[in-house]
Amino acid sequence: MHKFFILLIQYEIIFKILSQDIPQLINIFGRKKFSLNGKWNYIVDIQDSGYYDYRLSISDNGFFMNEKPKNPDDLVEYDFDKAPQMDIPSDWNTKDDKLFFYEGTIWFKKSFNYTINPQKKVILYFGAINYESIIYVNGKLIGKHKGGFTPFNFDITKQIKNGENFVIIKVDNKRRIENIPTLIFDWWNFGGIKRDVYIVETNNIYIQNYHFTLDKQSKKQINIKIELNTKISNKPIEILIPELGISKILKTNANGIISDILNPKKIVLWTPKNPKLYTVILKFDEEEIIDKIGFRTIEVLDKKILLNGNPIFLRGVNVHDIKPFTDGRANSYADAKIILSWAKDLGCNFVRLVHYPHNEYMIREAEKEGILVWSELPLYWTIAWDNPDTYNNAKNQLTDMVLRDINRANVIIWSISNETPRGSSRDIFLSNLIEYARKLDDTRLLTMATEVIRIGGTNIINDTMNNNVDIVSFNNYYGWYGKVNLTEAEKMKWFIPYNKPVIISEFGAGAKYGYHGEKNYRWTEEFQDNVYIYNLKMIENIDGLAGTVPWLLNDFLSPRRVLNEIQDLHNRKGFCSEKGEKKLAFYTMRNWYFKKIEEFGNLKVLKCFTISFIVFALIKIWTSLCTLSNNKE
Ligand code: GCU
């Protein structure tokens with residue numbers, strides 16, 4: 001192996017030991033913190049000259065030192081304070097036109113004042129940075145992170161000082177075969193500090209994470225697990241859920257963990273119609289964490305998905321993490337509200353957030369609005385399945401995806417991957433990951449978006465990995481990729497040999513908003529609409545259909561979509577343009593969903609009706625029996 005790679009691996013190992021990387025702090029929203037969002041200076045460094053010297057050795061006097069000339073003849077060839085500024089959080093591609101296509105390294109610097117409290121630990125928290133980030137505080141190396149869609153944090157207590165401090169981050173979004181996602185994917189490779197940055201102060205011993213969940217069997221008791229950052233016993237933690245009349249002090253075991261049960265008298269379960277959230281307060285050592293938690297159970301029974309024990313049909317749509325009316329990354333409640341209002345207008349009670357964990361505002365806003373969520377790991381297409389680093393990276397991203405949203409009632413499905421190629425190394429990789437996911441969280445359902453094989457008039461879903469998941473999901477572009485006779489759609493057969501609920505996780509077609517013509521003219525709204533009309537007929541025939549997730553809500557930026565005057569670097573399969581302009585197919589899908597609501601509603605009504613009828617009949621029989629016996633007397 002080339003000397004350089006040996007050096008790199010050695011460096012990686014030393015690095016891991018040195019890194020002040022600590023497990024993700026759960027519920028950053030409910031903790032005491034101050035924000036480092038705002039203006040950051042940035043330096044574009046195409047050749048990583050701020051990191052490596054001209055012999056490609058890692059320099060110990062790189063840009064991370066934030067050096068300033070001390071004497072007039074000193075040579076310092078960079079100056080952050082003279083460099084342009086960018087509003088963080090954001091991607092750099094839509095913030096600076098010169099960086100629209102840029103893939104490489106950009107250095108970011110933020111200065112801030114701080115007053116040390118000797119009792120406190122200081123933690124530097126990032127919502128997400130794409131892709132590889134190396135973090136320095138006051139010129140000291142703090143840590144490194146790979147993966148663009150999950151939170152991470154470092155303990156910087158040793159490096160922070162009274163007065164002025166500076167954080168410098170080397171962000172590199174270059175695509176690499178061993179990365180997750182890998183070299184090719186059908187969305188824009190947005191680079192940068194895309195989500196919030198915080199300084200969090202905690203006591204030396206603090207609550208690291210917790211999980212409150214409704215017990216599947218009783219659907220009454222609440223199972224709780226609270227974990228400190230230190231293995232220490234007998235530490236009292238106060239748990240308050242005022243609305244449920246719960247106020248309890250429990251003590252940690254030798255591992256610094258509390259696992260217990262709460263038995264509230266009456267609990268209102270979280271549902272899309274009534275997304276009830278309870279205020280939960282955890283008090284430990286004068287520190288308080290506040291959260292809003294909903295309680296529900298999610299299970300499968302044969303081909304049904306059960307929410308709180310009741311069958312539910314998931315009326316979904318695929319959504320990318322894009323700020324409405326723009327092409328850039330989303331990251332606020334305002335963004336989430338607009339996107340969800342479009343989804344609800346379509347008739348949805350469910351969103352598949354593709355193909356990576358979305359920003360936390362989206363999850364929490366959806367939870368408040370009663371929208372169920374499918375969250376997915378970016379194991380997309382052809383990953384380096386045989387590379388152990390890639391597997392560890394997948395595990396890390398999965399851990400952080402699950403940990404961040406583990407208390408979100410609306411998150412019901414973890415998806416492990418999308419359209420991955422069948423094969424033994426893939427199967428081993430994904431089976432191990434699924435096993436690990438079940439250990440991390442056994443309260444939610446697992447799936448992966450697989451691919452369909454079409455033979456003659458039959459759509460065949462038989463990817464072996466479907467044996468390992470709870471829900472069988474597949475993508476199927478009937479009438480878009482490859483020529484078919486759409487009018488045959490209704491006669492198409494389905495071969496889905498699993499006694500499991502089925503979700504069609506992608507289907508659809510492209511159209512340019514406002515482009516009209518005959519329905520056999522590709523890219524017209526009529527063509528797209530026609531594909532939907534026939535696909536919906538075909539989909540109706542799926543036995544065990546528990547959800548539909550058309551591809552997708554809005555057109556979005558993709559480097560793989562280069563057809564000028566039509567795509568112009570956008571995937572045009574949205575029901576709406578990137579500006580929210582609705583295409584014809586939006587209304588076809590909406591009508592189908594409202595029919596589903598009625599159907600399911602009628603079913604419910606029917607069910608209620610049947611029950612009330614039975615009760616009524618019973619009363620009738622009872623009263624006539626009473627009169628009969630009275631007459632006899
Ligand atoms: C794929 C893939 C999407 C992609 C879509 C398309 O199935 O999962 O990420 O954008 O199809 O081709 O438009």
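The shell around the ligand splits into 5 nonpolar, 4 polar and 5 charged residues, where Ala, Val, Leu, Ile, Met, Phe, Trp, Tyr, Cys and Pro count as nonpolar, Asp, Glu, Lys and Arg as charged, and the others, Gly among them, as polar. The model is predicted, so to speak a computed one: local features need pLDDT of at least 70, side-chain atom pairs count only at pLDDT 80 or more, and totals for chains, interfaces and linings use all residues. Residues are numbered from 1 along each chain as its sequence is written, and side-chain values use heavy atoms, with hydrogens and water left out.

On to the ligand site. A total of 14 residues surround the ligand, with D186, Y380, E419, Y481 and K573 the closest; a residue counts as near if one of its heavy atoms lies within 4 Å of the molecule. Polar contacts here are pairs of N or O atoms within 3.5 Å. The side chain of H355 puts an N or O atom 2.7 Å from a ligand oxygen, N571 does likewise at 2.8 Å, and a polar side-chain atom of R561 sits 3.1 Å from an oxygen of the ligand. On its own the ligand has 310 Å² of accessible area, and the protein covers 97% of that (Shrake-Rupley method, 1.4 Å probe).

Next come the rings. Phe, Tyr and Trp rings (the six-membered one for Trp) pair if their centres lie within 6.5 Å, with planes under 30 degrees apart called stacked, over 60 edge-to-face and the rest tilted. That rule gives 42 aromatic pairs. One of them joins Y477 and Y481 edge-to-face, at 5.4 Å centre to centre and 70° between the planes. Y477 is buried at 10% relative accessible area, while Y481 is partly exposed at 42%; buried means under 20%, exposed over 50% and partly exposed in between (1.4 Å probe, protein chains only). Elsewhere, ring pairs tie Y51, Y52, F63, F64, Y78, F80, W107 and Y136 into a cluster.

K276 lies over Y278, 4.8 Å from the ring centre, and K582 lies over F586 at 5.0 Å.

As for disulfides (cysteine sulfur pairs within 2.5 Å), the count is 0. C348 is in none, and its nearest cysteine sulfur, that of C576, is 10 Å away.

Methods. Lys NZ or Arg CZ within 6 Å of the ring centre and 35° of its normal. Polar contact = N/O pair within 3.5 Å; in protein donor to acceptor, adjacent residues only side chain to side chain.
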